[in-house]
Amino acid sequence: MYIKTDGIVLREVAYQDSDKLLTVLTREYGKLTVRARGVRSSRSRSKAACQLLAYSEFTLLERGGRYVVTEATAKEMFPELRNDLELLSLASYFAQAADVLSPEGEENPPFVSLLLNALYALGRLGLPQKLVKAVFELRAMCLSGYEPDLRGCAVCGAPEPDRFNISQGVLQCAACRTEGEDDIRLPISAGTRAALRYLDSAPPSRVFSFRLAEPSLSELGQITESYLCTRLERGFSTLDFYKSLFLGIHI
């Protein structure tokens, strides 16, 4: 059976002499692992469309749950990202996180839109890296079933708590802890708290439309990154490389 779908390449692995195994995130079929035959050859007409971060139209042959690319045409290559090492490394982190957060074969169209919009915001719009990174991290977690509870202190109910519990994904007051709790909690200012609430509830078309000044922007980024890595109980090699570009400065 042949299917046609648009998708973004999250991962590419060399396979045999000139093939690749691609992880592609699609709107209609979710995340798929597909084999792209001959695309490592300079003569392949599908070479560009099967690169990491390419958003392409794929024609796939499906047999017994396995997919082979029969044709691929690039729709968006994000050239601004490919010509800048910082932007490319951050975009690669987004792709790796999307790969981890997207179960095989489970469609999630809003996640595809989030990833594409994040890449567009980084490259075409040139929005601040810290802002795009924080937006992507929090919205990706929300779309994957890890939405934090930002209504008020999870212990006493106070509306403006000053700590974010990254282990539980809740707000708390500095003096409030549940019995036996030893979770990691990060300070949160009023501006950062408002930004988190905005990102949690804003329509998809508006999530990149807000602005946040320092030091709240850095605080927001620390919270969203820590929350993602803590709840998923893992690190990301792409994130480590991105940070290494700044000689240990936290982004």
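Colleague: At what angle do helix α2 and helix α4 pack, and how far apart are their axes?
Modeller: Two packed helices are described by the angle between their axes and the distance between the axes. Here α2 (residues 85-101) and α4 (residues 129-143) pack at about 5 degrees, with 11 Å between their axes. The axes are lines fitted to C-alpha atoms, for helices over the stretch in contact, and angles run from 0 to 180 degrees between N-to-C directions. Helices (H or I, at least four residues) and strands (E, at least two) are DSSP runs, numbered from the N terminus. α2 and α4 are therefore roughly parallel to each other (under 35 degrees; over 145 is roughly antiparallel, 65 to 115 roughly perpendicular, the rest oblique).

Colleague: Which residues of α2 and α4 make the contact?
Modeller: From α2 come Glu86, Leu87, Leu90, Tyr93, Phe94, Ala97 and Leu101, and from α4 Gln129, Val132, Lys133, Phe136, Glu137, Ala140 and Met141 (contact: heavy atoms within 4.5 Å). By class, this contact holds 10 nonpolar, 1 polar and 3 charged residues. Ala, Val, Leu, Ile, Met, Phe, Trp, Tyr, Cys and Pro count as nonpolar, Asp, Glu, Lys and Arg as charged, the others, Gly among them, as polar.

Colleague: What kind of model is this, and how are residues numbered?
Modeller: The model is predicted: local features need pLDDT of at least 70 and side-chain atom pairs count only at pLDDT 80 or more, while totals for chains, interfaces and linings use all residues. Residues are numbered from 1 along each chain as its sequence is written, and side-chain values use heavy atoms, with hydrogens and water left out.

Colleague: In what order do the strands of the barrel follow one another?
Modeller: 5 strands close into the barrel as β1-β2-β3-β5-β4, with mixed pairing (two strands pair if DSSP finds at least two bridges between them). From one strand to the next the twist averages 50 degrees. α2 packs on this sheet, touching β1, β2 and β3, and its direction makes about 110 degrees with that of β1.

Colleague: Is Thr5 buried or exposed?
Modeller: In a regular strand the side chains alternate between the two faces of the sheet. Thr5 lies in β1 and is buried, at 2% relative accessible area (buried is under 20%, exposed over 50%, partly exposed in between, with a 1.4 Å probe and protein chains only). Leaving aside neighbours within four places in sequence, Thr5 is in contact with Thr26, Glu28, Tyr29, Ser56, Glu57, Phe58 and Leu60.

Colleague: Which strands are at the edges of the open sheet?
Modeller: That sheet has 4 strands in the order β6-β8-β7-β9, with mixed pairing. Its edge strands are β6 (149-153) and β9 (185-187), each pairing on one side only. β7 (residues 163-165) and β9 are antiparallel over 3 bridges, and Arg163 has Pro187 as its bridge partner.
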